[in-house]
Amino acid sequence: MPELPEVETVARDLRPLITGATIVDATTLWARTLRGITPEAFAIGVAGRRIEGVSRRGKQVVVSLDGDAFLTIHLKMTGQLFVVRQGALDDPYVRLVLELEDGREIRFRDIRKFGRVGLYIAADDDPFAQTGPEPLADSFTVAAFRRRIRGRKGRLKPLLLDQSFIAGVGNIYADEALWAARVHPLRTARTLRPADERRLWLELRRILAEAVIRRGSSIDDYTAPDGDGEMQDHLRVYQRSGEPCFRCGRPIRRIVVGGRATHYCSWCQRLSAADRAAARTILRSTATPDRLGRRWSELPGGEGSVGLTRAERTRKAAATRRAAARASAGG
DNA sequence: CAACCGACCTGTTCGC
DNA sequence: TGCGAACAGGTCGGTT
């Protein structure tokens, strides 16, 4: 589930590997991977172009090419990028291959086929016209955040996930930022006081910056060309349903907001009476406390550490799969 | 503008 | 043991 820190890591890993290389051909193995262009037109469009750099905008990797062209790569949930020598082991999940002049190839691997690659030549249209500001940019000041959030009427969780509001925030870092700022995910934007706005702005940036340093969270299928991140070991609420809150020890709760799992501490993240009344249906119908189980050592009378929580088992299995994917990608 | 839904996809986990 | 349902979640298009 690549969000801003994961995509930033992929872009940084890729940059020294492919900058200066020239693309000679493209092979599309799943046509819908391409956004609004046929495999034939795409291959013609990229052939002969030199890669001038790799950057990130929101959750997309941007590969700049000569002649005012660029590629956008959205990894969505399971997309991965690898650079391997041509003739590396076959992999059934590779959807697009960019062949390089120097005998290597860039592979876009994507189990669930949600990922999309776009080619833009000579600025026909701006794919980022609707994309919100970069939360880690210097220009994203607390004043800028306040200007954007004021006048919004919705709840904070969906708002943080709205890419036209802020670019790059996904389910993991939205939950983490709200927990760190002690703001309830169902709180409405208009009820935020200046101090709440400042904490949310500060914690959002602090957590995203920390996650970039830690190379992102390697959960499920996410990995970067140079290997897994470690932010998953520093998450405070995400996927910790039923486990104790790191601040107050009460169990983390899980609700569903806008179809997405949302984790929070009902003690540390308070809701006003008005917001609670408005959110009563959500809080009641989707609450699933303790569903994922907790560490034995933390149960009353529990002794020692017997086994792993479900989240831990899942992460362990996922790490094994990622290692296998890297091996089969030849890198 | 807000909120929700189904669609897009596949692999893993869970309940029966 | 096996099978199907539920789940994971980023975004888009559509509806209320």
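In the predicted model, the axes of helix 1 and helix 6 come within 8 Å and cross at roughly 35°. This crossing of helix 1 past helix 6 is right-handed. Helix 1 contributes Leu-4, Pro-5 and Glu-8 to the contact, and helix 6 contributes Leu-208, Ala-211 and Val-212. By class, five residues of the contact between helix 1 and helix 6 are nonpolar and one is charged, with no polar residue present.

Helix 1, which spans residues 4-18, also features in the contact between domains. Chain A is divided into domain 1, covering residues 4-121, and domain 2, covering residues 142-328. Contact between the two domains involves 21 residues of domain 1 and 21 residues of domain 2. On the side of domain 1 that touches domain 2, the elements giving two or more residues are helix 1 and strand 5, the latter formed by residues 79-85. Helix 1 gives the most to this side of domain 1, with nine residues. The side of domain 1 that touches domain 2 comprises ten nonpolar, four polar and seven charged residues.

On helix 5 the contact is made by Tyr-173, Glu-176, Ala-177 and Ala-180, and on helix 6 by Leu-200, Glu-203, Leu-204, Ile-207, Leu-208 and Ala-211. The contact of helix 5 with helix 6 has eight nonpolar and two charged residues, and no polar ones.

Helix 3, residues 142-149, packs against helix 6 at an angle of about 115°, and the axes of the two helices are 10 Å apart. The crossing of helix 3 and helix 6 is likewise right-handed. Val-142, Phe-145, Arg-146 and Ile-149 of helix 3 make the contact with Glu-197, Arg-198 and Trp-201 of helix 6. In the contact of helix 3 with helix 6, four residues are nonpolar, three are charged and none is polar.

The model also includes DNA strand C. The residues around DNA strand C are Met-1, Lys-59, Lys-76, Met-77, Arg-112, Phe-114, Leu-161, Gln-163, Gly-170, Asn-171, Arg-260 and Ala-261. The surface near DNA strand C divides by class into five nonpolar, three polar and four charged residues.

Terms used:
Residues numbered from 1 in each chain as written. Chains lettered and ligands numbered in written order. Predicted model: local features only at pLDDT ≥ 70, side-chain atom pairs only at ≥ 80, totals over all residues. Contact = placed C-beta atoms within 7 Å. Helix = DSSP H or I, 4+ residues; strand = E, 2+ residues; numbered from the N terminus. Nonpolar A, V, L, I, M, F, W, Y, C, P; charged D, E, K, R; others polar. Domains from an automatic or database assignment. Near = placed C-beta within 6 Å. Axes fitted to C-alpha atoms, helices over the stretch in contact; angles between N-to-C directions. Left-handed = near helix turned anticlockwise from the far one by under 90°.
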